[in-house]
Amino acid sequence: MRYTQYLLPTLKENPADAEVISHQLMMRAGMIRKVAAGIYSYLPFGLRSIRKMEQIVREEMDRAGAIECLMPMANPAELWQESGRWEKYGKELLRFKDRKETEFCMGPTHEEVVTDIIRNTVKSYKQLPLNLYQIQTKFRDEIRPRFGLMRGREFIMKDAYSFDLDDEGAAASYQKMYQAYRNIFQRCGLKFRSVEADSGAIGGSSSHEFMVLAESGEDAIVSCSGCEYAANVEKAEVLPPQAVEVVNGEPTKVETPECRSIEEVAEFLQRPSAQLVKTLIVETDQGACVAVLLRGDHELNEIKLSHVLGCDQIALADDDLVRKVTGAPVGYLGPLGMKLKVVADQALQGMSNFVVGANQVDSHFTGVNLGDFKVEQFADLRQAIVGDPCPRCAGGKFEIWRGIEVGHVFNLGTKYSEAMNATVLDDQGKARALVMGCYGIGIGRTVAAAIEQNHDENGMFLPLPLAPFQALVLIINPKDDTVREAAEAIYQALLDLGVEVLLDDRDERPGIKFKDADLVGIPLRITVGARSLKEGNVELKQRASGELQMLSVDAVAQRVRQLVSAALAAE
């Protein structure tokens with residue numbers, strides 16, 4: 001492909017609304033253009049990366065036994081009403097009516113549609129297992145679309161759905177998809193972690209997220225220094241404390257003037273925050289209020305707490321509600337005499353002689369032990385932190401990373417098949433609800449995450465498997481016949497070897513060409529100029545490492561082909 005015949009509109013400056021690196025660079029490198037909030041056109045350069053990502057996904061999904069199909073973007077409301085999600089999904093579900101006043105939605109995901117397909121076509125256990133996948137445009141009406149392809153409203157997604165007769169078969173299907181996902185992100189050349197995750201609105205009994213590691217990642221994840229255990233912080237397990245010797249004490253009220261926060265109380269009493277216990281009041285979505293106890297230096301994990309309380313959502317009570325249900329002011333709450341249900345993080349089982357609020361302004365109790373008040377339940381309620389011991393191996397400690405979620409696998413169980421009556425006959429002729437799994441990958445989001453992980457101050461350098469082109473031939477002066485003819489010969493040799501190559505044949509200053517080359521980040525750059533040609537050589541530069549090599553005109557194409565082959569073989 002020749003630059004002068006290609007649409008590659010680069011920008012010198014970052015667009016005003018581009019907040020993250022991938023959004024800035026995808027706009028500046030001519031990969032995407034904004035149409036509306038959270039909606040983008042993929043220009044030719046960006047689409048090449050998208051298609052490469054799709055091809056890797058297709059190959060690994062096919063290898064895992066999944067079958068490609070294509071379902072409509074417009075979904076009838078009746079299917080979503082059957083599953084119960086028409087009412088529950090929320091405002092992200094874009095609803096509309098056709099000319100006959102029939103209600104539809106733009107599919108953000110396709111559990112309902114695929115379940116309807118299977119219930120109408122699969123009748124016997126002999127037709128199982130089945131796994132259908134598609135690569136298709138989705139729409140979610142995000143309240144605040146941002147970060148380019150990271151959090152758009154319209155986006156390209158690969159979603160797959162497995163159907164099995166029983167839990168054992170579903171576990172096998174889940175494992176196949178889990179391994180396929182690992183293969184996909186390894187082939188993309190990305191640094192990633194597969195982490196245990198919460199199932200969220202999709203539902204189901206277990207799930208894993210696939211996180212591309214990047215400093216700009218929205219999500220915090222933990223991984224073990226000694227084994228492969230990794231989890232989203234919302235899911236990370238924390239081991240219970242070891243047994244401790246109880247230090248006998250007696251609750252003693254002390255004055256703590258104007259000390260409301262853990263830090264202020266710890267400093268005033270000259271006690272480490274780990275010897276303080278804070279009391280939080282939370283309100284469940286059923287309207288109940290509960291007192292939650294945590295060690296002073298720990299933070300509440302609201303998802304863990306909601307699971308323990310058996311509710312979908314919780315919220316910290318505001319000051320007025322706290323005073324109404326406890327009679328005490330925020331900042332001085334404590335469990336002694338608490339009339340609400342009390343649940344406590346398991347870390348308190350390793351504490352004695354600690355400090356709590358006295359339910360009175362400017363007062364706290366010291367010398368408190370667990371026997372001084374009633375706890376209805378101890379559980380793992382806190383966020384994991386650096387240095388926590390691994391729950392799966394001996395000696396490993398937690399490390400914290402930032403990650404960008406690019407894939408998610410769920411074990412759905414019978415959540416949708418029971419609601420929509422999707423059954424098959426087993427070998428005894430008995431109707432059985434199908435056991436399902438669902439598996440998603442954000443195609444454009446993965447390309448954007450790759451840029452977040454692979455860039456410098458000059459531009460991007462996508463891993464070769466995702467790069468729009470593998471090589472760039474840059475002509476210093478296309479008006480010089482000798483230079484142009486040498487560049488054309490190298491360009492043709494690369495094409496003959498099957499290398500995806502862009503020829504920069506523009507009549508522009510060298511500085512502009514070099515800046516554009518660094519910006520768009522094509523992995524291998526061959527610079528053809530009069531000075532090096534006098535010695536029969538050209539310059540080969542590897543964008544990611546910056547490594548330079550002088551090679552003869554006759555040898556450079558073969559060298560490029562070797563580098564490309566080695567990078568693709570490393571997939």
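Q: Which ground rules apply here?
A: Happy to start there: the model is predicted, local features need pLDDT of at least 70, side-chain atom pairs count only at pLDDT 80 or more, and totals for chains, interfaces and linings use all residues. Residues are numbered from 1 along each chain as its sequence is written, and side-chain values use heavy atoms, with hydrogens and water left out.

Q: Into which domains is the protein chain divided?
A: Domain bounds come from an automatic or database domain assignment. Here they give domain 1 (9–236 + 400–451), domain 2 (252–379) and domain 3 (469–569).

Q: What area is buried between domain 1 and domain 2?
A: Buried area is the accessible area (1.4 Å probe) that two parts lose on being put together, summed over both. For this pair the value is about 340 Å², with carbon and sulfur atoms giving 39%.

Q: How many salt bridges are counted between domain 1 and domain 2?
A: A salt bridge puts a side-chain nitrogen of Lys or Arg within 4 Å of a carboxyl oxygen of Asp or Glu. The count between these two domains is 0.

Q: How many disulfides does a search of the whole structure find?
A: A disulfide is a covalent bond between the sulfur atoms of two cysteines; the cut-off is a pair of cysteine sulfur atoms within 2.5 Å. The search finds 0. Cys311 is in no disulfide, and its nearest cysteine sulfur, that of Cys289, is 12 Å away. Cys393 is in none either, with the sulfur of Cys224 nearest at 3.5 Å.

Q: Is Cys311 buried or exposed?
A: Buried means under 20% relative accessible area, exposed over 50%, and partly exposed in between (1.4 Å probe, protein chains only). Cys311 counts as buried because its relative accessibility is 6%, whereas Cys393, at 23%, counts as partly exposed.
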